[in-house]
Amino acid sequence: VRCVFNSSELEDIQFIYSDYYNKLEVARFDSNVGKFVGYTAAGVKNAEIWNKDTSQISALRAQREAYCLYNVGVYY
């Protein structure tokens, strides 16, 4: 999990949750995209399954404000 800050405004903050296997990023949730994106064959398959769970997607979208915005003062 990481946050990318372009400024302290919520619209400019990006929340990223990456899923790794064997040091290779296989899937990623990006708050700017709003869903999981797969980078390998297994990652694409998992991303399709994870994107069907609307409660998980909603919870991850909320993390931009709950986690990143809350910690913006630490980074600036």
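Visitor: How many Å does the polar contact between the side chains of Glu25 and Ser18 span?
Guide: You're looking at a predicted model, in which local features need pLDDT of at least 70, side-chain atom pairs count only at pLDDT 80 or more, and totals for chains, interfaces and linings use all residues. Residues are numbered from 1 along each chain as its sequence is written, and side-chain values use heavy atoms, leaving out hydrogens and water. A polar contact is a pair of N or O atoms within 3.5 Å; within protein, one must be able to donate a hydrogen and the other to accept it, and residues adjacent in sequence count only if both atoms are side-chain atoms. For the side chains of Glu25 and Ser18, the value is 2.7 Å.

Visitor: Is Glu25 buried or exposed?
Guide: Buried means under 20% relative accessible area, exposed means over 50%, and partly exposed is in between, using a 1.4 Å probe and protein chains only. Glu25 has 17% relative accessibility, so this residue counts as buried.

Visitor: Which strand holds Glu25?
Guide: Strands are DSSP runs (E, at least two residues), helices are too (H or I, at least four), and both are numbered from the N terminus. Glu25 is found in strand S3.

Visitor: In what order do the strands line up in the sheet?
Guide: Two strands pair if DSSP finds at least two bridges between them. Here 4 strands make an open sheet with antiparallel pairing. The edges, each pairing on one side only, are S1 (2-5) and S4 (35-38). Read across, the order is S1-S2-S3-S4.

Visitor: Which residue in S4 is the bridge partner of Ala27?
Guide: S3 (residues 24-30) runs antiparallel to S4, and 4 bridges join them. For Ala27, the partner in S4 is Gly38.

Visitor: What angle does helix H2 make with S2?
Guide: Contact means heavy atoms within 4.5 Å, and H2 (residues 54-69) packs on the sheet, touching S1, S2, S3 and S4. Axes are lines fitted to C-alpha atoms, for helices over the stretch in contact, and angles run from 0 to 180 degrees between N-to-C directions. Between the directions of H2 and S2, the angle is about 120 degrees.

Visitor: How many residues apart in sequence are the parts that Cys3 and Cys68 tie together?
Guide: A disulfide is a pair of cysteine sulfur atoms within 2.5 Å, and those of Cys3 and Cys68 are 1.9 Å apart. Cys3 lies in S1 and Cys68 in H2, so the parts they tie together are apart in sequence by 65 residues.
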